[in-house]
Amino acid sequence: MISQFFVLSQRGDHIVFRDYRGEVPKGSAEIFFRKVKFWNDDEAEEAPPVFNVDGVNYIHVKVAGLFFVVTTMVNVSPSLLLELLQRIARVTKDYLGVLNEDSLRKNFILVYELLDEVIDFGYPQTTSTEVLKSYIFNEPIMVDAGRLPPLGPAAMFMQGTKRMPGTAVTKSVVATEPGGKKREEIFVDIIERISVTFSSSGYILTSEIDGTIQMKSYLTGNPEIRLALNEDLSIGRTGSSYDYRSSSGGGTVILDDCNFHESVHLDSFDIDRTLTLIPPDGEFPVMNYRMTQEFKPPFRVTALIEEAGPSRAEVLLKIRADFSANATANTITVQMPVPSYTMRASFELEAGAVGQTTDFKEGSRRLEWNLKKIVGGSEHTLRAKLTFSQESHGNITKEAGPVNMNFTIPMYNASKLQVRYLQIAKKSKAYNPYRWVRYVTQANSYVARL
Amino acid sequence: MSGHDSKYFSTTKKGEIPELKEELNSQYKDKRKDAVKKVIAAMTVGKDVSSLFTDVVNCMQTENLELKKLVYLYLINYAKSQPDLAILAVNTFVKDSQDPNPLIRALAVRTMGCIRVDKITEYLCDPLQRCLKDDDPYVRKTAAICVAKLYDINAELVEDRGFLEALKDLISDNNPMVVANAVAALAEIQDSSVRPIFEITSHTLSKLLTALNECTEWGQVFILDSLSRYKAADAREAENIVERVTPRLQHANCAVVLSAVKIILLQMELITSTDVVRNLCKKMAPPLVTLLSAEPEIQYVALRNINLIVQKRPTILAHEIKVFFCKYNDPIYVKMEKLEIMIKLASDRNIDQVLLEFKEYATEVDVDFVRKAVRAIGRCAIKLERAAERCISVLLELIKIKVNYVVQEAIIVIKDIFRRYPNTYESIIATLCESLDTLDEPEAKASMIWIIGEYAERIDNADELLESFLETFPEEPALVQLQLLTATVKLFLKKPTEGPQQMIQAVLNNATVETDNPDLRDRAYIYWRLLSTDPEAAKDVVLAEKPVISDDSNQLDSSLLDELLANISTLSSVYHKPPESFVSRVKAAPRADDEEFADTAETGYSESPSQGVDGASPSSSAGTSSNVPVKQPAAGSPPPAAMPDLLGDLMGMDNAIVPVDEPAAPSGPPLPVLLPSTTGQGLQISAQLTRRDGQIYYDISFENGTQGVLDGFMIQFNKNTFGLAAGEALQVTPLQPGQSTRTLLQMTPFQNISPGAPNSLLQVAVKNNQQPVWYFNDKIPLHVFFGEDGKMERAGFLEAWKSLPDDNEFTKEFPGSIISSIDATVERLAASNVFFIAKRKNANMDVLYLSAKMPRGIPFLIEVTASVGVPGVKCAVKTPNREMVPLFFEAMEALTK
């Protein structure tokens, strides 16, 4: 089983190091770091999450810019270890409120105490914040999330990919608030990551939604909760895999597959699509789901590149927000690779553009267009003139693109999966905790080909 | 609690250690706790605070759990270096293990197990015994793991104190967490022991299946992984297991899903109903696809596993190819794996979609990924005949973009396509030739040159093209030089005009005189000789038709694939390597009187290959086109008859055929007489089966005691258990009166197998021109079949021993045998391909562990017990083929005589 667990900073410093079996030769953390840093002599190429050096197996994930690593000498389940590493990161975040180098260092004794309960002799024991609470005695020392020093390039790794940036609750689930009483509240987030590939002629080649219903409960006494989803929700595609016609008309939501947290009871799920659970403390996914049923993509992207003279070309990028004006997308980035011999690019924003910036990244030879926000229903265009260092090979569309888009749309979900209601078993009439049901849609791989 | 823990890292100017010492002995609790925290902080940054051992241990006797935990943390770290002082803590540990608070009881047992000091472990036994039966499940689950810890330190103690039985009892515990830990501990102990300790019976099976529904996700993985070793008795039981495991596919934890998939795949082998199998395949598809929505790290593991699964059962994901299309933001290691799977799932039905994707990938930024995408197109062309033309047109489109590495990669795969579909797509050669001067990578150059040589007659300016390469011949890498040499010879044979003639002279000169590369020189000399003696023969050799290559996308051979599939959801399935190739940590149950065993264990380690497994590297596992026989066959497959002549010529011998099929007269110990001269009317025949260099021979000698010459010897073998028959004609020169001769006759097994129970009888008939036919009987010693590959690694031996049921074990005493020296016996056995693995001492007996292997992969796992110099040897064997056991004992008896 697990021989060692350690957490390294981006620079390779030990932040946490625990040896459970004393069988791995010294220096494993350094060996790991060197291997990852110089994988294939190429910093651009990422090391795979599982590899073996001199008989020691290293399994790692990157969370919040930190390397979470375990080593083992035996033929174990790597998915178990990868899940465990993610879970350790989550439990630590539950306890510390924020997960970063600073908070780990400030709370190292608590972290060691946690690790001893989570792993015994290399065997995972429990990663449930709820269960752990009864065995952990150290109290977390809070790090002020607002005053966090920027992590530099690490910031882009902040808290995995499943969470929504900016809205994640940075509050420990165990610490008592400085003000005294804990606020009774529960957060239910429906987070969807959508992947769409448009062909050069604008057809949808592939589309997929990866969704999570995530819960974070600060309710005392762990009351039972009922979560009702769309009544006509159906699971499992019927018939041929690419037959959307039967489904797109009716407006029913058809999931390809879904799975549930172990605390969820599905007794009435088949009848009225409600989930019953007693939420453990801490953040956890109630349900993960996947959908390839056709849906309306929130953005239409059109990109054109045309030669304009011997060593020049013109680019036209157009995005149309195909959702209602009630919703607003934010932090939109559109990137378009251009031919490698592009020397210069000059941009022309639309008239009256606000909160838009453009850039030509010479190193990675791509155009970047950032928009602070896009209101539903609106359309935006960008023109760019490229200057080449040589004449093009006459196949310029092959050498440019595809266009990739990143965005976040709060209070919008593409799948139409909904939480109809969130019921909390009442202890008394006066008991009325805050309930937050939030939707957010993010781009996963949102690509338009040229 | 106030302030920040990080303040404990700050140092003062005064000596740190004395100051801490003072604080640790403070009368105030809080101060002591702060001091211990400072000590721990110092410890974690690598400072040596071991000198404070006694002071810290003094703080151990406290009711404060937080402080106690800190002291325990310190103890685990320093007990090893201060074993004598650690004893001081024992009393507190023992006391804590009886504390009314279950947390303290568990903490004490957990910590004691982590202190790997012999003296402490002795004191651990009593508390552990109590805690295994504790009322509190938290204590019991901690105690269960503690048994595994203790076994790692002192296995004998664990067995003697009956902890194994206690652990087995915990499988029936009412708390699923306890069950899970007991299973984990037992599985680990079993892994390091030769003897069967943890065997799943149908009774434990149902208990485990029940616990599965209730325990934590981690416990579910432990239980599922243990269940995967269980071999169901029949299809019904297999279906039953699968039915209970299938709900796990809905679990949010990917490890649970993959472990469940493993069990279902294993049990599916036993299920006979095609409906059930089809239904299971349908059920597995969505959860497998859902794994690809997880974090990229898990996606990678899932993809490596799916790669194996689709090789075995392509139908499961046949309709899901779209989910393997690369996403823009996939890490490169995920993209590479997706490409592999796309190739495997590509079919006539979806090839258009797939090609569209590959074409798109081939214009992306990452060079390695682009190359792989181009190769993928080529592999699809080779795999799908009907799509080959479309694949080629995509490759040509890519070549036209003129991105250097794309062009080179495309040429390499096009060469393979030519080899797969000869005389079909040569019309594109002209397009390829346009890119000639941009080639700078050896493999691409070599491929292009091969194409020019192979199709020289259809390329008008082939000579000019080749000539342009020849200028730099001496600087080219060997790969390119070899191709240039062969291509020039081909050109010359196809167009024997002046230009090529000059070229060939230049090349041959370059490749013989000017080079240090023996491969190149040898090939050049052979061509030279061929061309100068018989150009027609040269044509037959150099321009011979090449075998058509085939699709390599299912590149793992089926036995390795099956082994890897049995290891789904383990590191082995990620590296695509069998576990023994990267796991070196195998311990045999070392008992106290086992020192010798332990000694040999050390050498066992060094023998087992623990080389770095770089399987995780996507590129090394890619396979790409390396499995396509790229090696040029030009000189490789000449008609066999020409070879000796050629060699003879080269060696300056006058067509002297080396008599390869007549082995040099063997010598050796006298052979047993089978046909005495009294019976044979003066002819005496002695013979014995023997094994040399992996071949079975009949070592036979004839002694002519008659008055006349005997000639025309022939031999015939009757049907026998092993179907042994003569593999060649018996070659005996006419025997003069009084003369004798001895020869080795090559034997071929499994020719004419006689049915019925195995026996060792070999009936032989010999005739000559002068006498009647002689019949005599011989015995087949089983050990002639033992292969040179019969040596097993310790891990493999343990694994195999455990996997065989107990009723496949047989024991026999050889009262007449005696071992006078272990080494001599081991050497003698090894000469007969019975390989030594390990030995141990049991009382005054020596126990040897050996292995041997019959053809068709039948292993013998052998345990030999004897006292040196005392007659009587006990032999135990475990083998899947019980029928062979009597013969095996006969052979072993003969070998230990």
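B:Glu269 is partly exposed, at 47% relative accessibility, on a scale where buried means under 20% relative accessible area, exposed over 50%, and partly exposed in between (1.4 Å probe, protein chains only). Its side chain meets that of B:Arg313 in a salt bridge, at 3.3 Å from N to O. Here a salt bridge is a side-chain nitrogen of Lys or Arg within 4 Å of a carboxyl oxygen of Asp or Glu. The two partners stand 44 residues apart and link distant parts of the chain: B:Glu269 belongs to the loop between α15 (254-268) and α16 (274-290) of chain B, and B:Arg313 to the loop between α17 (296-312) and α18 (332-345) of chain B. Helices (H or I, at least four residues) and strands (E, at least two) are DSSP runs, numbered from the N terminus. B:Arg313, with a relative accessible area of 17%, is buried.

The model described here is predicted, so local features need pLDDT of at least 70 and side-chain atom pairs count only at pLDDT 80 or more, while totals for chains, interfaces and linings use all residues. Residues are numbered from 1 along each chain as its sequence is written, chains are lettered from A and ligands numbered from 1 in the order in which they are written, and side-chain values use heavy atoms, with hydrogens and water left out.

In general, side chains of opposite charge can pair when their charged atoms come close. One pair in chain A is A:Arg11 with A:Asp13, at 3.2 Å from N to O. A:Arg11 counts as exposed, at 55% relative accessibility, whereas A:Asp13 is partly exposed at 30%. Another pair is A:Glu101 with A:Arg105, whose closest N and O atoms are 3.5 Å apart. Both of these residues sit in helix α3 (residues 101-106) of chain A, four residues apart, or about one turn of the helix. A:Glu101 is buried at 16% relative accessibility, and A:Arg105 is partly exposed at 32%. In chain B, a network of salt bridges links B:Arg371, B:Arg375, B:Glu409, B:Glu441 and B:Glu443.

The two chains also meet each other. Contact, meaning heavy atoms within 4.5 Å, involves 88 residues from chain A and 93 residues from chain B. The size of an interface is often given as the accessible area lost when the parts come together. Buried area is accordingly the accessible area (1.4 Å probe) that two parts lose on being put together, summed over both. Between chain A and chain B this area is about 8200 Å², with carbon and sulfur atoms giving 55% of it. A:Asn75, A:Gln125 and A:Lys398 supply 8% of the area that chain A buries against chain B, more than any other three residues.

Nine salt bridges are found across the interface of chain A and chain B. Among them is the pair of A:Glu208 and B:Lys327, with the closest N and O atoms 3.0 Å apart. Polar contacts are pairs of N or O atoms within 3.5 Å; within protein, one must be able to donate a hydrogen and the other to accept it, and residues adjacent in sequence count only if both atoms are side-chain atoms. Between chain A and chain B, 35 residue pairs are in polar contact (both at pLDDT 80 or more). Helix α2 (residues 78-96) of chain A contributes eight residues, the largest share of the side of chain A that touches chain B. That side of chain A divides into 32 nonpolar, 26 polar and 30 charged residues, where Ala, Val, Leu, Ile, Met, Phe, Trp, Tyr, Cys and Pro count as nonpolar, Asp, Glu, Lys and Arg as charged, and the others, Gly among them, as polar.

Turning to chain A as a whole, there are eight helices and 26 strands. Of its 450 residues, 59% count as buried. Among contacts in chain A between residues at least 6 apart in sequence, 71% join residues at least 24 apart.

B:Lys402 has a phi near 65°, a positive value in a residue other than glycine. B:Lys402 is placed in the loop between α21 (388-401) and α22 (404-420) of chain B, and is exposed with a relative accessible area of 55%. B:Asn833 likewise has a positive phi, near 65°. B:Asn833 lies in the loop between α35 (822-831) and β10 (835-842) of chain B, but is buried at 7% relative accessibility.
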